[in-house]
Amino acid sequence: MELTVWRTFVTVCRLGSLSAAAAELHHTQSAVSRQIAGLERQLGAALIERHARGVRPTPAGEVFRRHAVATLDEADRAVREVRDGAFDRPLAVGATPSLAAGIVPEAVRALLEQAGSLRWSLLPGLSAPLHNRVIAGDLDLAVVTDAPPGLPHEPRVERRFLGLDEMVVALPVGHPRAGHGPVPLQALADQTWVEDDDGSAALLRQHAARAGLTARIELAAADLLGKLALVATGHAIALIPGVLARALRTDVTTVGLVDPPTRGIYAVTPRRDPHPSAAPLLDHLAAAFAPSPPQPRPQPPSPPPADRKAATDRHT
């Protein structure tokens with residue numbers, strides 16, 4: 001099927017008239033009619049029907065129209081990118097919501113400052129689906145975690161360990177435990193918890209079981225934003241990644257835990273045909289997790305010369 005015919009059909013549907021479509025496309029009406037009839041023969045279904053004011057798509061025609069519009073939009077985009085010289089392959093990055101909220105965009109900014117202009121995209125998601133999208137070739141790099149159920153062994157991808165993330169507890173501002181951490185989990189035994197996915201809930205239950213407790217996970221949220229909204233409004237507290245603390249809303253605070261649960265952070269890239277910018281982005285991500293160098297202790301200021309002489313006189 002030629003895209004020219006698809007474009008004719010979409011134009012007919014948009015204008016609701018064979019004659020109006022012919023005028024816009026600079027065809028004769030008979031030529032437009034032949035194109036539509038040929039398309040119907042190829043598909044084995046009637047695509048348009050006549051009514052008092054012109055034509056409209058049949059139910060089958062409406063289904064085909066939606067797909068045709070999407071196909072033509074993508075074809076037009078391909079032509080524009082070639083004509084504009086946009087030959088560079090965009091960098092497709094995926095990250096879990098907590099990492100997409102801060103660390104990954106910051107690493108991409110450092111990459112752009114170093115490498116200059118680069119087309120890129122960021123897809124937030126859960127670790128397992130992101131891992132699968134790297135395998136499928138949809139993503140050039142994904143930053144994921146080994147939180148339950150963990151990451152599968154997959155020979156088609158490279159996995160680089162970036163660092164450990166200590167989980168913290170999100171509290172509403174004004175909570176009695178705010179600003180008094182780190183606390184043992186037992187100190188929060190009477191609290192209601194909210195979770196937004198099975199992996200995070202499993203991590204909380206495992207940590208509570210090691211402390212001899214049962215976490216009261218009584219609320220469920222659809223996503224991380226909903227989870228934090230329930231915390232902010234005082235309905236519950238939540239176990240969240242430590243990397244998220246810098247990007248929290250102002251009505252939510254955190255408290256650390258004694259012996260907190262941790263999760264490993266990994267960057268996953270395909271073994272074959274890696275994106276040229278994936279390796280330098282990996283370096284910036286690794287730098288974000290690198291421990292800060294110890295700061296030298298401040299030295300007391302030297303006394304002025306007169307004071308030094310007085311001190312010398314006292315000791316002689």
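Tutor: Happy to. One term to begin with: a residue is buried when its relative accessible area is under 20%, and exposed when that area is over 50%. Keep in mind that this is a predicted model.

Student: Okay, which residues are buried in helix α9?
Tutor: Helix α9 covers residues 224–232, and its buried residues are Leu-224, Lys-227, Leu-228, Val-231 and Ala-232. Looking down the axis of α9, you'd find them within an arc of 135°, so they line one face of the helix.

Student: Why would spaced-out residues end up pointing the same way?
Tutor: An α-helix has 3.6 residues a turn, so residues three or four places apart point the same way.

Student: Nice. And what covers the buried residues of α9?
Tutor: The cover includes α5, β6, β7 (192–195), α8 (198–210), β9 (238–241) and β10 (252–255).

Student: What caps the N-terminal end of α9?
Tutor: Asp-223 does, with a side-chain oxygen 3.3 Å from the backbone nitrogen of Leu-225. After α9 comes Gly-234, which has a positive phi, near 80°.

Student: Switching topic: how many aromatic pairs are there in the whole structure?
Tutor: A search finds 3. One of them is Trp-6 with Phe-64: the ring centres are 5.0 Å apart and the planes sit at 65°, so this pair is edge-to-face. Trp-6 belongs to helix α1 (residues 3–15) and Phe-64 to helix α4 (residues 59–83), so the pair ties together parts 58 residues apart in sequence.

Student: Are those two buried or exposed?
Tutor: Trp-6 is buried, at 15% relative accessible area, and Phe-64 is buried too, at 12%. Together with Phe-9, Trp-6 and Phe-64 form one aromatic cluster.

Student: Which other rings pair up edge-to-face?
Tutor: Phe-161 and Tyr-266, with centres 5.4 Å apart and planes at 65°. Phe-161 is in strand β6 (residues 157–172) and Tyr-266 in strand β11, so parts 105 residues apart in sequence are tied together. Phe-161 is partly exposed at 46%, while Tyr-266 is buried at 18%.

Student: What lies over the face of Tyr-266?
Tutor: That's Arg-159, at 5.8 Å from the ring centre.

Student: Last one: which residues touch the most others in the largest nonpolar core?
Tutor: Leu-99, Val-104, Leu-141, Val-143, Leu-281 and Leu-285, out of 22 residues in that core. Elements giving two or more residues to this core include β3 (91–95), α6 (103–115) and α10 (278–289). A second, separate core has 18 residues, among them Val-12, Cys-13, Ala-22 and Leu-47.

Technical notes
Residues are numbered from 1 along each chain as its sequence is written. This is a predicted model: local features need pLDDT of at least 70, side-chain atom pairs count only at pLDDT 80 or more; totals for chains, interfaces and linings use all residues. Side-chain values use heavy atoms; hydrogens and water are left out. A nonpolar core is a set of buried Ala, Val, Leu, Ile, Met, Phe, Trp, Tyr and Cys residues joined through side-chain atoms within 4.5 Å. Buried means under 20% relative accessible area, exposed over 50%, partly exposed in between (1.4 Å probe, protein chains only). Helices (H or I, at least four residues) and strands (E, at least two) are DSSP runs, numbered from the N terminus. Rings of Phe, Tyr and Trp (its six-membered ring) pair if their centres lie within 6.5 Å; planes under 30 degrees apart count as stacked, over 60 as edge-to-face and the rest as tilted. A charge sits over a ring if NZ of Lys or CZ of Arg is within 6 Å of the ring centre and within 35 degrees of the ring normal. The arc is that of the directions from the helix axis to the C-beta atoms. Contact means heavy atoms within 4.5 Å. A polar contact is a pair of N or O atoms within 3.5 Å; within protein, one must be able to donate a hydrogen and the other to accept it, and residues adjacent in sequence count only if both atoms are side-chain atoms.
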